[in-house]
Protein chains: 2
Amino acid sequence: MGPQSTEVEIPRLAAAKIGNDVGLLLAKLHATGSLLNNKALADYGLRERSFSVLTLACSGLEPTQRELADFLSLDPSQVVSLVDDLEHRGLVKRAQGKQDRRAKIIVSTAEGRRIHTKARAGLEACEQTQLAALTDEENVQLRALLKKALWG
Amino acid sequence: MGPQSTEVEIPRLAAAKIGNDVGLLLAKLHATGSLLNNKALADYGLRERSFSVLTLACSGLEPTQRELADFLSLDPSQVVSLVDDLEHRGLVKRAQGKQDRRAKIIVSTAEGRRIHTKARAGLEACEQTQLAALTDEENVQLRALLKKALWG
DNA sequence: ACGGATCATTGAAAAAGTCAACGATTGTTT
DNA sequence: AAACAATCGTTGACTTTTTCAATGATCCGT
């Protein structure tokens, strides 16, 4: 058997004009990435979204659930579920908002930070796999472009 | 009322480390993009996915449903629904595979091509809106990086 | 203090995704 | 050529995700 390559072969259909469609490219890269990420996070009982929530809970930024919903492009009710799950497992807890007593601030527990550190390591390896075709410079470039597209 | 700006303000949470997470950036850009795209395509009774199928049907590449499923990261059964819908509306039709009589080739009708041309115009304007923060060069660069990440 | 708006939460309804099974057809093995 | 496993599109069941309206508590402007 010849040299076993891990390359993804270019599909015949990529030749179509739509192969330049940003929407489609984003959808595809997002789809394959989510698959890998969720697989990597499964070891820690997390998924892409719960990991995002946990990360922000660990960030020291003291996000409210509303901020999480906006930032993660989720419905507020979805955030409730995610936080419920993480809270039941003792990884985060809800604290009362400081200026606004309606809002709940999500903060990490010590256990939450422990899990988060481990999970992040796994995820970063995963990300590197997904972007293996890019050089380090291109990798940085891609992030910068995505951020600029989002927030100018 | 002062100068009405269309800028998106940078969310407080973007400062978190996760603001560099490729997975999250892709998810966000994809989410906001899909919203815009679907809104733009609604005028033609299309959504992002049915538009993709229609585009490939119009491409002359004569894709099979299996190829569509693989290329669009969909389950084969989802392709059935999409093609059913487009076929009922007379925009595409199923033709028998040439080498393989199990496979069905999806080709566009004249009406399908008519609608597709119109819809594409709307979509391109939409894409430009979404990537307004990028220069033309960065726009090209982003596409190139996404394609390279996907197919090397 | 009043009225309208926003927060987290709930629950229901709609949409999307996943998966196993099927007939028809193909390619492969014997 | 006969038998076998594999693949294609399709169907239907099932689960998950998304969407949305309603609610109590709280905030803000008047």
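User: What makes up the surface near DNA strand D, by class?

Analyst: Keep in mind that this is a predicted model. By class, that surface has eight charged residues, six polar ones and four nonpolar ones.

User: How do you know how chain A and chain B are related?

Analyst: Turn chain A by 180 degrees, shift it 0.0 Å along the axis, and it lies on chain B with an RMSD of 0.0 Å. The two copies are therefore related as by a two-fold rotation axis.

User: And why say that the copies meet through the same surface?

Analyst: Because 100% of the interface residues of chain A are also interface residues in chain B.

User: Why is B:Phe51 called buried?

Analyst: The cut-off for buried is 20 or more other C-beta atoms within 10 Å. B:Phe51 has 27 C-beta neighbours inside 10 Å, so it counts as buried.

User: Where is B:Phe51, and what does it touch?

Analyst: B:Phe51 belongs to helix H2 (residues 48–58) of chain B. Leaving out residues up to four places away in sequence, B:Phe51 touches B:Leu41, B:Leu46, B:Ala119 and B:Leu123. The C-alpha atoms of B:Phe51 and B:Leu86 are separated by 9.4 Å, with the two residues 35 residues apart along the chain.

Conventions
Residues numbered from 1 in each chain as written. Chains lettered and ligands numbered in written order. Predicted model: local features only at pLDDT ≥ 70, side-chain atom pairs only at ≥ 80, totals over all residues. Nonpolar A, V, L, I, M, F, W, Y, C, P; charged D, E, K, R; others polar. Least-squares fit on C-alpha atoms with pLDDT ≥ 70 in both. Contact = placed C-beta atoms within 7 Å. Helix = DSSP H or I, 4+ residues; strand = E, 2+ residues; numbered from the N terminus. Buried ≥ 20, exposed ≤ 12 C-beta atoms within 10 Å, placed from the backbone.
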